[in-house]
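Keep the sequence and the 3D view open side by side. This report moves from one part of the chain to the next.

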Amino acid sequence: MATGRTHRPATRSRGIPEATVARLPLYLRALTALSERSVPTVSSEELAAAAGVNSAKLRKDFSYLGSYGTRGVGYDVEYLVYQISRELGLTQDWPVVIVGIGNLGAALANYGGFASRGFRVAALIDADPAMAGTPVAGMPVQHTDDLEKIISDNGVSIGVISTPAGAAQQVCERLVAAGVTSILNFAPTVLSVPDGVDVRKVDLSIELQILAFHEQRKAGEEASDDGAVPPSAAKQQRKGPDGDVPAVMPA
């Protein structure tokens, strides 16, 4: 989810569709893996398979970057890594603060992928006074009383919220007031932000619920293939004078 359009990355001003922007990190991840294996070139079909998209969509996406590859050779891996990194703004250092150093916040602080992808964790912040000074991932946790000063001193424009849901909106408002214009929200709640602030929401429970939906559908299809009545359908039946009838009859 993204809200606010005043703060516009370079990709938007160049006319790159949001759907393409969302796929660029997938291409970059696949390309980085190829680069680490010293693979010099890759075809659109191979890269598309590695990124989980179709090759026609990949070629269309790359056309927005001005990269068309070479017939019979494919795409230069190192050049594409640089090109996509530049479009995503990863060729510069982005200081990030993480607010809420519980289990999830501590796990994020210990994640080694930030630094290699252009992000530097500038500070870890928590509201619990007992956490102040406690080292997490080699950094001392700082109290939320100092949030505004921390953001100002480090030039932070990206904040990560991993607090409980009840505290997330207040933390969000303080981050925005202090100058943060992009927020990654792990709290299980919807944040209200002004124009000019982008929010990306990560909700693991929602993703699991979607998977549960698909698992239920697959179980129902398997039951139907075996001739059995799916549990959901069985609940819709009741006894009538002539046997089982649907709970809702057509008019």
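## Two crossing helices

Helix H3 (residues 44-51) and helix H4 (residues 55-64) have axes that come within 8 Å and cross at roughly 100°. H3 and H4 are therefore roughly perpendicular to each other. Angles of 65 to 115 degrees get that name; under 35 degrees counts as roughly parallel, over 145 as roughly antiparallel, and the rest as oblique. The axes are lines fitted to C-alpha atoms, for helices over the stretch in contact, and the angles run from 0 to 180 degrees between N-to-C directions.

Which residues of H3 and H4 make the contact? From H3 come Ser-44, Glu-45, Leu-47 and Ala-48, and from H4 come Ser-55, Leu-58, Arg-59 and Phe-62. Contact means heavy atoms within 4.5 Å. The residues of this contact divide into four nonpolar, two polar and two charged. Here Ala, Val, Leu, Ile, Met, Phe, Trp, Tyr, Cys and Pro count as nonpolar, Asp, Glu, Lys and Arg as charged, and the others, Gly among them, as polar.

## The model and the whole chain

This is a predicted model, in which local features need pLDDT of at least 70 and side-chain atom pairs count only at pLDDT 80 or more, while totals for chains, interfaces and linings use all residues. Residues are numbered from 1 along each chain as its sequence is written, and side-chain values use heavy atoms, with hydrogens and water left out.

The secondary structure of the chain comes to 11 helices and 11 strands. Helices (H or I, at least four residues) and strands (E, at least two) are DSSP runs, numbered from the N terminus. Buried residues make up 37% of the 251 residues in the chain. Buried means under 20% relative accessible area, exposed means over 50%, and partly exposed lies in between (1.4 Å probe, protein chains only). Now take the contacts in the chain with a separation of 6 or more: residues 24 or more positions apart account for 56% of them.

## Aromatic pairs

The structure holds three aromatic pairs. Rings of Phe, Tyr and Trp (its six-membered ring) pair if their centres lie within 6.5 Å; planes under 30 degrees apart count as stacked, over 60 as edge-to-face and the rest as tilted. The rings of Phe-62 and Tyr-75 have centres 5.1 Å apart and planes at 85°, so this pair is edge-to-face. Phe-62 lies in helix H4 and Tyr-75 in strand S2 (residues 75-76), so the pair ties together parts that are 13 residues apart in sequence. Both Phe-62 and Tyr-75 are buried.

Tyr-111 and Phe-114 form another pair: their ring centres are 5.1 Å apart and their planes stand at 85°, so the pair is edge-to-face. Tyr-111 is partly exposed at 43% relative accessibility. Phe-114 is buried at 19%. Ring pairs also link Tyr-27, Phe-62 and Tyr-75 into a cluster.

Helix H8 (residues 147-154) has Leu-147, Ile-150 and Ile-151 as its buried residues. Seen down the axis of H8, they fall within an arc of 95°, so they line one face of the helix. The arc is that of the directions from the helix axis to the C-beta atoms. An α-helix has 3.6 residues a turn, so residues three or four places apart point the same way.

What do the buried residues of H8 pack against? Their partners are strand S3 (94-99), strand S4 (119-126), strand S6 (139-143) and helix H9 (165-177). The face of H8 turned away from its buried side carries the exposed residues Lys-149, Ser-152 and Asp-153. After H8 comes Gly-155, whose phi is positive, near 60°.

Most residues other than glycine have a negative phi. Ser-38 has a positive phi of about 60°, although it is not a glycine. Ser-38 is found in the loop between helix H2 (18-36) and strand S1 (41-42). Ser-38 is exposed, at 63% relative accessibility.

Ala-137 is another non-glycine residue with a positive phi, near 55°. Its place is in the loop between strand S5 (135-136) and S6. Ala-137 is partly exposed, with a relative accessible area of 38%.

## A buried serine

Is Ser-85 buried or exposed? Ser-85 is buried, with a relative accessible area of 12%. Ser-85 is found in helix H5 (residues 77-87). Not counting residues up to four places away in sequence, Ser-85 touches Leu-28, Leu-90 and Thr-91.
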